Amino acid sequence: RAVAHRPARPQRHRHAGGSGIATSHALPSASHRREIGRFRRLAAEDARIRLLSGDYETAGMAALMQACDCYVSLHRAEGFGYTMAEAMMCGKPVIAARYSGNLDYMDEKSAFLVGGVERYMAHDEYIDVPPGSRWFEPDPDDAAAAMRQVFQDDKERARRATAAAER
């Protein structure tokens with residue numbers, strides 16, 4: 001079970017390999033609508049993935065955080081990253097983009113950081129994007145490697161989650 005950026009109500013779907021929870025939040029620009037549609041079609045083909053969206057009260061967020069085995073935020077830009085910090089405080093391993101505000105409290109000792117490249121944004125990628133705006137493009141292969149490590153390496157997963165909770 002993994003929670004990906006913007007958690008929602010806890011719902012579990014069991015299968016032979018565990019359960020999958022994925023959430024997504026994006027403003028509805030033209031390119032986002034295309035990507036969200038593509039993501040929904042791919043997720044519909046895999047019973048391990050359940051897409052959740054919406055706004056939830058504190059209790060629902062806390063329940064979902066407790067239900068997950070790992071918190072994933074492959075963000076392109078982030079202010080502070082409250083949900084990542086909350087996951088760390090709960091003792092959950094966190095996989096996050098090596099970019100933005102989360103690096104103020106997160107490093108390789110306390111999280112699984114995903115590399116990538118900073119790039120200029122297209123005018124239709126987000127609402128009200130001024131020319132010259134940049135964001136991060138997380139490397140999907142690096143993210144997959146981090147997910148495999150969290151899944152396969154119990155000692156490292158526990159070590160980083162403990163280090164994160166102690167911060």
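These are my notebook entries on a predicted model of a protein.

**Entry 1: the whole chain**

I began with the overall counts. The protein has 167 residues, and buried ones make up 38% of them. I noted five helices and 10 strands in its secondary structure. I then looked up contacts between residues at least 6 apart in sequence, and 56% of these join residues at least 24 apart. The accessible surface comes to about 9800 Å². Carbon and sulfur atoms account for 52% of that surface.

**Entry 2: helix α4**

I picked helix α4, which runs over residues 140-152.

Next I asked which residues of α4 are buried. I listed A143, A146 and V150. Seen down the axis of α4, the buried residues fall within an arc of 60°, so they line one face of the helix.

I then looked up what the buried residues of α4 pack against. The partners are the strands β6 (70-73), β7 (94-97) and β8 (112-114), together with helix α5 (154-165). On the face turned away from the buried side I found the exposed residues D141, F151 and Q152.

I also checked the N-terminal end of α4, which is capped by D139. A side-chain oxygen of D139 lies 2.7 Å from the backbone nitrogen of D141.

**Entry 3: aromatic rings**

I moved on to the rings. How many aromatic pairs are there in the count? The count comes to three. One pair I looked up is F80 with Y82: the ring centres are 4.8 Å apart and the planes stand at 50°, so the pair is tilted. The angle lies between the cut-offs of 30 degrees for stacked and 60 for edge-to-face.

F80 also pairs with Y105, again tilted, with 4.8 Å centre to centre and 35° between the planes. F80 sits in the loop between β6 and α3 (82-89), and Y105 in the loop between β7 and β8, so this pair ties together parts that are 25 residues apart in sequence. I wrote down that ring pairs link F80, Y82 and Y105 into a cluster.

Y82, at 60%, counts as exposed. Y105 is buried, because its relative accessible area of 15% is under the 20% cut-off.

**Entry 4: R160**

R160 is buried, with a relative accessible area of 9%. What does its side chain reach? It makes a polar contact of 3.3 Å with the side chain of E108. The side chain of R160 also reaches the backbone oxygen of A111, at 2.8 Å.

I then listed the contacts of R160, leaving aside its neighbours within four places in sequence. The list reads E108, K109, S110, A111, F112 and Q149.

Methods
Residues numbered from 1 in each chain as written. Predicted model: local features only at pLDDT ≥ 70, side-chain atom pairs only at ≥ 80, totals over all residues. Heavy atoms only, no water. Helix = DSSP H or I, 4+ residues; strand = E, 2+ residues; numbered from the N terminus. Expected span 1.5 Å × (residues − 1). Buried < 20%, exposed > 50% of the residue type's maximum accessible area, 1.4 Å probe, protein only. Arc of directions from axis to C-beta. Contact = heavy atoms within 4.5 Å. Polar contact = N/O pair within 3.5 Å; in protein donor to acceptor, adjacent residues only side chain to side chain. Areas by Shrake-Rupley, 256 points an atom, 1.4 Å probe, with all protein chains shown as cover. Phe/Tyr/Trp six-rings, centres within 6.5 Å; stacked < 30°, edge-to-face > 60°.
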